[in-house]
Amino acid sequence: MRDAQIELAPIVSAAGLTIDDVEDRKRRIDARAQIRLLELAARELQDDCFGFHLAQGFELGEIGLLYYVMASSEHLGDALQIGGRYCAINNEGVRLRSSLERGFAIRFEYVNIDRSSDRHHAEFWLITLLRICRALTDGRLAPKQIKLKHYRRETPLDVRSLVGCDIEFAADRDEMLFPSQIAALPSVGADLHLNKILLQYADEALSNRASRRTSVRSRVEDQIAQLPPHGEANAEEVARRLGMSRSTLARALSSESVGFSNVLGARPDMFS
């Protein structure tokens with residue numbers, strides 16, 4: 001959007017975020033906010049295939065630990081199993097699955113997110129997964145079948161050329177299907193010693209993520225702690241930072257038998 005000289009602040013704000021949210025690489029962005037941001041960006045850029053295009057233009061190493069633990073695995077099938085185990089390190093709204101029941105199937109599933117609200121985020125995931133498979137095997141792998149849950153009238157020509165087949169839209173799953181033998185392809189970056197070390201780091205990272213997301217209340221407390229002591233520590237601002245509406249936050253806290261004012265009042269030390 002900057003390259004297109006589009007003013008960012010109103011678009012980012014419409015997604016419930018700030019410029020600081022998206023520029024701070026250490027800050028976690030709720031998956032719903034990610035989806036909204038990509039949809040808004042696609043509209044502003046007038047790019048109906050924005051998710052497909054966005055996934056083609058970044059270095060896979062930017063994914064971080066998750067990518068390198070996959071890339072150092074012995075075989076492609078091992079890499080995707082590892083990706084499924086640790087994908088929550090990068091994105092808590094999507095789960096990656098792989099199986100050999102009907103061939104080598106790679107599927108992603110949304111967690112507590114309305115899948116019908118999304119196109120570009122899912123299309124980004126699809127192309128990124130395909131790029132990972134090709135990078136790890138150093139080959140232009142072509143799925144024999146691709147399914148996506150959202151609707152498109154047809155597969156865009158440039159996308160078909162990229163993936164090597166037509167995509168079945170309005171399907172019952174989000175999935176790429178390869179012949180079974182593809183799972184056994186060796187990874188060109190296989191390093192079992194490095195992989196063992198990285199798996200330890202991945203276990204620690206996943207454990208840390210799990211401990212931080214134990215409850216909505218704890219996430220609210222984390223956000224309150226980051227806000228100035230006066231004025232900004234309100235439900236609307238905290239909900240925005242968590243990538244949800246104020247009413248959604250209220251319902252989530254209510255399910256834990258607590259209200260926002262209770263959380264705020266229970267932390268007086270923050271405002272002394």
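A residue counts as buried when its relative accessible area is under 20%, and as exposed when that area is over 50%. In this predicted model, Tyr110 has a relative accessibility of 15%, and it is therefore counted as buried. Phe108 is also counted as buried, because its relative accessibility is 3%.

With that in mind, we can turn to the rings themselves. A pair of aromatic rings is described by the distance of the centres and the angle of the planes. The structure holds five aromatic pairs, and one of them is formed by Phe104 and Phe178, whose rings are tilted, with 6.3 Å from centre to centre and 35 degrees between the planes. Since Phe104 belongs to strand S2 (residues 104–110) while Phe178 belongs to strand S5 (residues 175–178), this pair ties together parts that are 74 residues apart in sequence. Both Phe104 and Phe178 are buried.

Another tilted pair is made by Phe108 and Tyr110, with 6.4 Å between the centres and 35 degrees between the planes. These two residues also belong to a cluster, in which ring pairs link Phe108, Tyr110 and Trp125.

Note on methods. Residues are numbered from 1 along each chain as its sequence is written. This is a predicted model: local features need pLDDT of at least 70, side-chain atom pairs count only at pLDDT 80 or more; totals for chains, interfaces and linings use all residues. Side-chain values use heavy atoms; hydrogens and water are left out. Rings of Phe, Tyr and Trp (its six-membered ring) pair if their centres lie within 6.5 Å; planes under 30 degrees apart count as stacked, over 60 as edge-to-face and the rest as tilted. Helices (H or I, at least four residues) and strands (E, at least two) are DSSP runs, numbered from the N terminus. Buried means under 20% relative accessible area, exposed over 50%, partly exposed in between (1.4 Å probe, protein chains only).
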